[in-house]
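Subject: Handing over the structure

Hi,

Here is the structure I promised to pass on to you. Please open it alongside this message.

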Amino acid sequence: MSLAVWQWTAAFLFVTTLPALLLALYTQHLKHENAHRRRAVLRTLGVPDSEHAQRTLVGFFHPYCNAGGGGERVLWTAVALLQRTAPHVGKDEIIAKVKSRFNIVLEPRTLHFVFLSKRALVEDARWPHFTLLGQSVGSMILAWEALTKLIPDVYIDTMGYAFTFPVVRVLGAGRVPVGAYVHYPTISTEMLARVKARRQGYANADSISSSAALSSAKLLYYRIFMYHYASALRRASFLMVNSSWTKNHIDAILAHTDTPLSVLHGLLYVLSPVPLLLSIAQTVYPPCETDELVAFPLEGREKVLLSVAQFRPEKDHAAQLYALFELLKQHPEHRQTVKLVMVGGCRNNEDAARVESLRALAKELEIAANVEFVVNASHGDVLSWLGRASIGLSTMVDEHFGINVVELMAAGVIPVAHASGGPLNDIVVPYKSEPTGYHATTPATFGAALHTVLSLSPEAENSMRERGRAWAVERFSRRGFEQAWEESGWRKWLPSQE
């Protein structure tokens, strides 16, 4: 072999092995540094040095842990469960908010927060274009920041950032089990089908669906994203999902194949420290605060249409205003007695601006006198409205679960929800062969359903409230969540203390 061939061979080997060598050196350095950080955290929690080797750090990745939505209820219920069953597992403000919003008591002595400075990288506003890609890359950077501050013994993502899994596998040198509680898929096979068929809808604007070239480009983008999203999910040791709708989608994603991309990217995961074998997710319904809600009387309700949901774009609060508009247009007799109350949290300036746009829309529709906004309400305020309202309103399309709908039913509020997702398949379903609420799809059908509820006889109304409450308590209690969480088998991934 000539000298030139040897030189080119040596150069090729150097270029291809240097990144892997540098990454291996970096992970070893991070492992050494993490030993010091781990010791510091355990000392902060008051754990004697002699017991450090027997303690396990379970890391929940949830950058928006101080928000007040259903995802945060899942997070804090799981944390509280872990603290009770394994007590050796800006803090005060967050703990106080958890108590105020969810009535969940946390033990501060066994809870440590790793505060992150790069959270803006996963904000919607940061990525006006290629949002899925931008937020996913941002989540990987955010996870990198988190793990350079502390590597836990077990990593559980409760916000849906699957692209953090490879980061954990690499920086944890393949020794940190990865799990997740998935509220909804980042991308779905339905989204691919919608773009392929050039159907306008959420996340597929008319400017894209009306153009063959743009649709083809977006379909390629979605295919590549789906391929890597499925690969990332398969890296998990365990996956829990919140509903049958989410399970069907996640299972379909885990089984998703794309032969051309598999050929093109066949070598991408060769260095993966674990096989990509996970093929099914387990359903663990979210916890609902039924204990307090079932105490509310069913009689004497006000003619309040109640919405309880964060002011996020996918919740489609505007559809609720249009539903009220249709109700009052078709049945003006309700104008003097019916009021829509929107109770929800604002995570950021974008959510606050969304509330202002909803106020403007209510004025434009001339229904402002029949609408009230209750922003960032305390747990007590939410309970007060749940105990007074007659009808619950949920307009999100393909709501992955709908914990707000469960709370409405447990409180004795009759739900009118969009005919899709969790509310259709899991929640607002017949109980003992009798209805527990209503479904609708358009402003007109929502308006008609609202009128139907308002026109029920007192006997029929109370019977439906009783059925809804019985079903909610039977199927979606906090105790049911804790039992299903423990039965998921996640504990087998905890490191042995022997």
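First, the ground rules. This is a predicted model, in which local features need pLDDT of at least 70 and side-chain atom pairs count only at pLDDT 80 or more, while totals for chains, interfaces and linings use all residues. Residues are numbered from 1 along each chain as its sequence is written, and side-chain values use heavy atoms, with hydrogens and water left out.

Let's start with Arg38, which sits in helix H1 (residues 3-44). Helices (H or I, at least four residues) and strands (E, at least two) are DSSP runs, numbered from the N terminus. Arg38 has a relative accessible area of 16% and is therefore buried (under 20% relative accessible area, with exposed over 50% and partly exposed in between; 1.4 Å probe, protein chains only). Leaving aside residues up to four places away in sequence, Arg38 touches His52, Arg55, Thr56, Leu57, Leu150 and Asp153; contact means heavy atoms within 4.5 Å. Between the C-alpha atoms of Arg38 and Leu57 the separation is 8.6 Å, and these residues are 19 apart along the chain.

Next, the cores. A nonpolar core is a set of buried Ala, Val, Leu, Ile, Met, Phe, Trp, Tyr and Cys residues joined through side-chain atoms within 4.5 Å. The largest one has 42 residues, and those touching the most other members include Phe165, Tyr222 and Leu233. Helix H8 (212-233) is one of the elements giving two or more residues to this core, and H8 gives the most, with eight. Another core, of 33 residues, lies apart from it, with Phe296 and Phe401 among them.

Finally, a helix pair that includes H8. H6 and H8 pack at an angle of about 165 degrees, with their axes 9 Å apart (axes are lines fitted to C-alpha atoms, for helices over the stretch in contact, and angles run from 0 to 180 degrees between N-to-C directions). H6 is therefore roughly antiparallel to H8 (over 145 degrees; under 35 is roughly parallel, 65 to 115 roughly perpendicular and the rest oblique). Residues meeting here include Leu192 and Val195 in H6, and Leu219 and Tyr222 in H8.

For comparison, helix H12 (residues 317-330) and helix H17 (residues 443-454) pack at about 60 degrees, with axes 8 Å apart, so H12 and H17 are oblique to each other.

Best wishes
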